[in-house]
Every structure is written in C-alpha cells, then in structure tokens.
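Please examine the structure shown below before reading on.

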There are 2 protein chains.
Amino acid sequence: MENLKRIETGDAESGTAGLMRRIGRAARKCAHELSLASTEAKNYALRSAAAAIRARSEDILAANARDIAAAKPSGATGAFLDRLALDVSRIEAVASGLEAIAALPDPVGRLLARFERPNGLIIERVATPLGVVGVIYESRPAVTADAGALCLKAGNAVILRGGSESFHSSRAIHACLVAGLIEARLSADAIALVPVTDRAAVGEMLSGLAGNLDVIVPRGGKALVARVQAEARVPVFAHLEGIVHVFVDRDADLDKAKTILFNAKLRRTGICGAAETLLVDRACAPTQLAPFVKMLLDAGCAVRGDEATRAVDPRVTPATDEDWSTEYLDAIISVRVVDGLVEAIRHIETYGSHHTDCIITENQERAERFLREVDSAIVIHNASTQFADGGEFGFGAEIGIATGRMHARGPVGLEQLTSFKYRVHGTGQIRP
Amino acid sequence: MENLKRIETGDAESGTAGLMRRIGRAARKCAHELSLASTEAKNYALRSAAAAIRARSEDILAANARDIAAAKPSGATGAFLDRLALDVSRIEAVASGLEAIAALPDPVGRLLARFERPNGLIIERVATPLGVVGVIYESRPAVTADAGALCLKAGNAVILRGGSESFHSSRAIHACLVAGLIEARLSADAIALVPVTDRAAVGEMLSGLAGNLDVIVPRGGKALVARVQAEARVPVFAHLEGIVHVFVDRDADLDKAKTILFNAKLRRTGICGAAETLLVDRACAPTQLAPFVKMLLDAGCAVRGDEATRAVDPRVTPATDEDWSTEYLDAIISVRVVDGLVEAIRHIETYGSHHTDCIITENQERAERFLREVDSAIVIHNASTQFADGGEFGFGAEIGIATGRMHARGPVGLEQLTSFKYRVHGTGQIRP
C-alpha cells in the first residue's frame with residue numbers, strides 16, 4: 001500500500017536512501033520535543049534502559065553469540081572479537097554506564113553567560129541541544145548504549161549506525177534503550193539504530209540526511225574516521241589520530257620524567273592518548289637519554305631512534321621520516337634528540353596531530369611557553385598523556401576526542417553536545 | 001622563473017585555482033604566528049591601519065570613484081550604489097571602527113573554565129584563535145576593514161573576497177590594513193584580499209583551499225548566503241534570512257506592544273532583525289488587532305493579513321501561505337491571529353528561520369515558556385527585535401549573525417571567532 005502510493009506520487013524514497021531519509025525526518029521531528037524534555041524524564045529513560053539491559057541480559061548474550069559465530073569464520077582477529085564480545089560483566093558495565101550518565105548534571109538550560117546592557121536589557125546565553133547527532137561506529141556493541149545515552153542526556157536525537165558485525169548485539173541493546181524511552185514517555189525515535197547493514201546507509205548519513213543531521217561523530221579506526229572527515233557534508237567531531245609527544249626539557253626531573261614517560265607510553269598502548277614520540281632536549285641527553293631508552297627497551301617497548309638515540313643502545317633501530325608521523329598504537333616509540341624547546345615545538349608542529357602533547361620540566365617559564373605555543377587540543381605539563389580522556393577530565397563520559405577547532409575540541413562530553421541561544425529580557429526597550 | 005619551475009615539476013598550480021591555493025597556504029603559515037601575537041601588536045596594527053586610512057583618504061576616494069564610475073553604466077540600483085559609495089565621513093567611520101576594535105578586550109587567552117581534579121591535576125580551558133577565516137562579501141568596501149580587523153583581533157588569519165564592483169575601493173582599504181600589519185611587524189599575509197575578481201576564486205574558497213580554510217563567513221544577500229551554505233565544504237557562520245516574529249500575547253500591555261512593534265518593524269526595514277510577521281493572540285485580538293494594523297498602515301507599512309486581520313481594515317490585503325515564510329526587508333508586514341501561545345510557537349516553528357523572535361506579554365510564565373520553546377538564536381521578551389545585533393549585545397562589533405547551532409549562534413563577535421584548548425598542569429601525576 002505504501003509502496004503503491006510512492007509509485008503513484010512519483011516518490012523515489014525506496015531502498016536504503018529512502019529508509020535513511022525517513023529516519024532523518026523522524027529524528028528531526030522528535031528533536032524539538034526532546035530539547036524540551038525534563039531532566040527527570042531523560043534520567044528516568046536512562047535508568048529504565050539500564051534495568052531493561054539487566055533484565056534482558058540473556059537475550060543480549062544470545063544476540064552477541066550470533067554475531068560472534070558469524071564473525072569467526074570470516075577470519076576476524078582476536079582483538080576484533082574481543083571488542084565485539086559481551087559477557088555478564090560487560091553487560092553490567094553497560095547498564096551501570098547508563099546510570100552514571102543519568103547521574104550527571106543536565107547540560108541543557110545551563111546559564112553560560114549573563115550581562116545587563118546600559119538600557120536595562122538583560123541578556124542570557126543558555127545551553128540548548130545541538131539537534132540530531134549521527135554516530136557511526138565499528139563493532140563495539142557497548143557504544144550503542146554509551147553514545148545513545150550521552151546524546152539523549154544532552155537533549156539530542158541520535159541516529160546510531162553500528163558496525164555490521166555487531167548488528168544483533170547492537171539491536172538487542174538498542175531495544176533496551178527504546179524500552180527506556182517508552183517507559184519515560186519520550187519518543188521512541190529519539191534513539192534510532194539504522195536497521196540495515198547496507199553500507200549505503202553510511203553514505204546517506206555523510207550527506208546529512210537532507211538537512212536532518214547536524215553533526216556526525218565517528219568512533220573507530222583511522223579508515224572510518226578518514227572517510228567520514230573526507231566525505232561528510234555536516235560538521236564532524238573526531239580525531240584522525242593521536243601522534244602524542246612527550247618532550248623532556250633540560251630542566252626535567254629525571255625520576256618524574258621516567259615515571260610519566262613509562263605511563264604515557266606503556267600503561268595502555270592502544271589508546272589515542274598513548275605517547276608515540278619522545279623528544280629529548282640535547283642539553284640533558286647525555287645524562288637522561290640512556291636511562292629512558294633502557295627503561296623502555298627493558299619493558300619490551302621497541303625504540304626507533306635518530307642517530308643520537310641509536311648511539312646509546314644497540315637495540316635501538318633507525319627511525320625513518322615516516323616514524324615521526326606514525327601512530328603506532330603499540331609498544332613502539334620513536335625517539336629524537338632536539339635542540340631545546342623551540343625545536344621540540346617545531347617538531348610537534350610538523351609531525352603532530354594536534355591531539356595531546358606534553359612537556360616535562362621543572363622550569364615554569366618554558367612549561368608556560370610550551371602550553372601556549374603548542375597548538376593541540378590538550379597540552380600537558382608534568383603529567384601522563386594518558387589523562388587525555390573525558391572521564392579523567394571530570395566530564396563523566398565522552399563520546400570521543402576532537403582535534404578540530406570548531407565547536408568541540410578535546411574530550412567531547414555532554415557540554416560539547418550542546419549549543420546555546422540568547423534570551424533577552426526587556427521591559428519595553430526599543431532601539432533608538 | 002617560478003612558472004618555469006612549475007612546468008618542470010609538473011605543478012599545475014596556475015590560474016585562479018593555483019593563486020587561491022597559494023593564498024591559503026600563506027594564510028595557514030602565518031596563522032600560527034598570529035595566534036601567538038601579543039595584544040599590543042594586534043592593537044598597534046589596527047591603530048596604524050586607522051591612521052593609514054585617514055592619511056590615504058584621497059586615494060581611497062579616488063579608487064571608490066573608479067568603482068562607482070564602472071558600476072553606474074551597468075545599471076546598478078540606487079541602493080547598490082549607496083552601499084558601494086564612500087565619502088569623507090564614511091572613511092572616518094571605517095578608521096574609527098578599527099580603533100574601536102583595537103579598544104575591545106583580546107578574546108585570545110581568556111580563561112573559559114578551570115577545574116581541579118581529585119588527583120591534583122589543574123585543567124584550564126583557554127580561548128585560542130580559530131585559524132584561517134574566509135569572508136565572502138558583496139560590494140561594501142567598509143566590510144574589508146571590519147571583517148579584516150575582527151579576524152585579526154581574534155588572532156586569526158583572514159582571506160577576504162569582496163564583491164567585484166568594489167574591487168578598487170577594497171584594495172585601497174586593504175592596503176591600509178597591510179600597512180598597519182607591517183608597522184606592527186606582523187605578517188602581511190595575515191589579512192589577504194583576493195586580488196582577482198574571477199568568480200572561480202569563490203569556488204576555491206568554498207572547497208576549503210585544501211584544508212587551509214577553517215570557516216567561511218558570507219556577508220551579503222540571500223543568493224550569496226544560499227550558495228555558500230549549499231556548496232561550502234567547511235563550516236559556515238551565517239543566516240540565510242531573518243523571518244522575525246513578534247507575538248502579542250493576551251496579557252500584553254497595549255501601549256508597550258505598539259511601541260515595540262513599531263520599532264521592530266519600521267525603525268529600519270532592511271536589517272535582518274526587522275520584524276516580518278505579527279502574531280496576535282485571538283483572546284486580545286478584538287481590542288488590540290485594530291490599533292496595531294491602523295498604526296502600521298498609517299505609517300506607510302503595507303499589511304498582508306489573514307481573514308481576521310482583513311476584517312479590521314479594508315486596506316489590509318490577503319496574505320498567502322508564501323507570505324508567512326517571506327523576509328520582506330521592506331515596509332511590509334504579514335499579520336495573523338493565532339489561538340494563543342501554543343499556536344504562535346507552532347507558527348514560528350513552521351515558518352520561521354530560527355533568527356530572532358519576540359513575545360510581548362506581562363505574563364511571566366508565558367514569557368518563560370516562549371523563551372524556552374522557541375528554537376531561535378535570539379528570543380526576546382518585551383523589547384524590539386532590532387536589538388538583534390552584536391553591538392547592541394555589547395560585543396563591540398560583529399561579523400554577522402548565525403542561525404546554525406554549531407560553534408557560533410546569534411551575533412558573531414570576537415568571542416565566537418575563537419576556539420579553545422585544554423591546558424593541564426601536573427606535578428608528576430600518572431594514570432593508574
């Protein structure tokens with residue numbers, strides 16, 4: 001019947017394109033309602049969704065087993081399967097993650113600024129939702145809950161497009177989010193999951209769903225982010241890579257530097273805040289370079305170095321120019337000796353990715369200069385680069401880290417998922 | 001020599017495309033230097049530019065006379081010529097405008113937030129420049145100075161592309177800005193004016209100059225803004241149109257309503273904050289509609305109304321559905337009687353442009369509801385919509401008004417021309 005009508009009216013909205021357009025329109029339609037939803041309703045939806053996830057954990061595990069069974073014969077790697085797999089404790093983490101987001105302050109309606117004009121007008125800048133957020137992610141089922149919940153809490157409608165290998169798991173989790181929305185009498189369209197694995201759905205999202213998508217957040221590997229950044233016709237909150245530097249200044253405390261460097265590189269090597277390059281001031285290299293290199297090598301970290309670095313240990317292999325712009329996400333580090341702060345900053349400007357960079361020094365002046373001149377989303381003095389994380393920043397949760405300069409930069413938490421408007425309070429003022 | 005080299009290396013960067021790419025690269029190259037420029041240097045450049053404009057006013061007037069002489073035979077309208085024309089007092093206004101921007105606080109380096117984490121990390125969010133701003137404007141020579149100065153003060157490099165009819169005037173003004181930059185020992189590339197009138201230059205800017213343009217601000221008529229919004233591959237700060245509503249609630253004070261309405265519609269009819277539609281609550285229409293309509297008609301404003309409005313005065317012509325979504329920018333208003341606040345909000349949601357909307361009422365509860373539920377950049381209670389202006393908001397100056405929700409919304413002043421970064425101060429913290 002509906003198909004018939006479409007043919008009659010010449011409406012070509014069939015197939016994935018038509019489906020995505022309809023999802024976009026439905027999201028836009030409920031975005032306004034959602035922008036006005038009370039904090040209580042949003043939190044009730046999140047807590048109800050958490051309860052549904054606990055209650056339906058058997059269903060979710062069964063759906064996940066289907067995904068795993070399908071992924072294994074296709075030659076999926078162990079790391080891939082690990083990201084895809086759910087178990088009882090991971091499901092509990094998903095549920096409690098929803099409750100944690102419910103417990104965060106509502107970012108909508110915050111008074112961001114207030115000023116009174118000489119004519120008596122009172123002008124307030126107040127946070128409002130962004131509108132419709134699209135999240136494109138790989139096969140990590142938990143992102144369905146995380147991303148959906150963060151967008152909902154910030155008053156946004158969200159369209160989720162998960163990796164096809166996690167299709168059944170994501171659907172099962174999504175069903176719990178929808179149950180929460182219905183329980184709270186919010187529109188079930190507020191959190192949409194693209195119900196097909198067709199890759200054309202991603203293309204439609206990148207085109208902006210005819211104006212019904214305000215921003216896209218890609219979550220996944222470099223290939224995904226690169227495609228989204230290259231093709232999206234709407235703003236993107238993302239970072240392509242984290243080529244994170246630790247610069248050890250001539251006035252660094254050796255023990256502090258070793259502790260921070262070890263943590264920055266090796267606490268976890270696969271996260272975007274992990275250090276990839278160590279820069280050592282030539283002035284302290286004679287005493288400090290060897291201990292750093294030895295510590296890293298002894299801990300099982302491969303070291304690729306410039307000539308000066310190779311001179312301190314035969315286990316160091318030569319770094320090529322490509323190494324300076326490589327995000328290893330592994331137990332590998334590139335090491336270079338630089339002529340002080342200025343050359344360090346120049347190296348970071350040339351090879352870095354504007355994500356997170358760190359200086360280790362006891363010299364306050366040079367620390368300030370580094371923090372000022374290095375043009376990265378996060379610049380750190382005397383602490384591990386692995387603090388580059390919304391949770392560690394106290395944002396409660398993050399949907400990702402952005403390296404762009406527009407709207408969001410650094411960890412993207414609830415605040416960055418909002419916009420604002422001006423409310424002007426008058427008593428009859430007119431403009432002369 | 002340079003051409004030869006290009007042929008030898010197979011570099012196809014010739015013509016307008018090559019020129020624009022080179023301008024983009026030069027802008028990006030100096031953006032970093034500019035982001036670190038001192039407040040004093042930036043202000044000195046602006047004041048020196050103002051002095052140059054006064055000193056060279058004869059040259060600027062001569063250049064302007066060339067533009068006017070070229071425009072007249074091509075059938076330019078009076079309004080167009082008025083926007084294009086400079087005289088001694090307009091040149092003085094340009095110069096003092098530069099000094100006014102020099103006098104504004106520097107938006108770069110402002111501490112936007114500061115929080116201490118339980119582990120002792122101190123995290124600051126600090127304002128930084130956006131990078132490279134592109135401004136595409138029509139033949140208003142003064143915009144060259146305004147837009148260039150605002151971007152410079154916010155630490156951005158800027159690429160200006162003015163209307164071809166103001167080419168010589170804009171060049172003469174631009175030369176003064178460059179003189180100011182040189183005087184202050186800042187890079188002359190910080191404020192670039194596209195030196196060709198070729199329309200392909202705009203297309204190159206819309207494509208983002210190979211990643212060397214961070215945001216585009218179009219300033220001009222609807223056709224220009226529509227093209228930029230449709231084609232730009234980078235973020236755009238703009239509003240397509242201002243379909244501005246005044247809603248007179250049942251509890252409005254009649255005199256206050258008349259005063260505000262008159263000012264909102266007729267103070268200046270050609271600005272984006274001018275009212276285009278009057279909505280009157282049916283509950284007060286019997287007493288208030290006739291006085292509003294008579295006042296507007298008597299002042300020479302054409303009134304296009306729904307049936308109820310036409311009933312109060314024979315001079316009212318019928319409003320079509322198109323009227324509700326028309327920005328007249330003229331002494332014309334559309335008038336409709338609505339069933340209270342809810343229908344007023346629905347009308348604004350259906351036909352509005354999310355720019356500026358106003359409620360007139362003495363009922364605080366309904367005022368709050370209007371301010372909350374109307375999803376426009378600026379929502380006003382009991383004051384003229386013509387306050388929708390960066391100057392009136394106390395921003396000192398504005399580069400335009402944005403209706404998008406990303407990064408900037410409402411008047412775009414110096415603050416909105418900045419981004420931010422996080423500075424993390426540690427004492428050796430590592431992540432557990």
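Predicted model: local features only at pLDDT ≥ 70, side-chain atom pairs only at ≥ 80, totals over all residues.

Q: How are helix α14 and helix α15 of chain A oriented to each other: roughly parallel, roughly antiparallel, roughly perpendicular or oblique?
A: The axes of α14(A), residues 340-351, and α15(A), residues 364-373, come within 11 Å and cross at roughly 20 degrees. Angles under 35 degrees count as roughly parallel. Therefore α14(A) and α15(A) are roughly parallel.

Q: What area is buried between chain B and chain A?
A: In this contact, 73 residues of chain B meet 74 residues of chain A. Carbon and sulfur atoms give 51% of the buried area. The total for the two chains is about 6,100 Å².

Q: Which residues of chain B lose the most area to chain A?
A: Three residues together account for 14% of what the chain B side buries. They are Met406(B), Tyr422(B) and Arg431(B).

Q: Which residue of chain A meets the side chain of Arg431(B) in a salt bridge?
A: Between chain B and chain A the count is eight salt bridges. In the salt bridge of Arg431(B), the N to O distance is 3.3 Å. The partner in chain A is Glu392(A).

Note on methods: Residues numbered from 1 in each chain as written. Chains lettered and ligands numbered in written order. Heavy atoms only, no water. Axes fitted to C-alpha atoms, helices over the stretch in contact; angles between N-to-C directions. Helix = DSSP H or I, 4+ residues; strand = E, 2+ residues; numbered from the N terminus. Parallel < 35°, antiparallel > 145°, perpendicular 65-115°, else oblique. Contact = heavy atoms within 4.5 Å. Buried area = accessible area lost by both parts, 1.4 Å probe. Salt bridge = Lys/Arg side-chain N within 4 Å of Asp/Glu carboxyl O.
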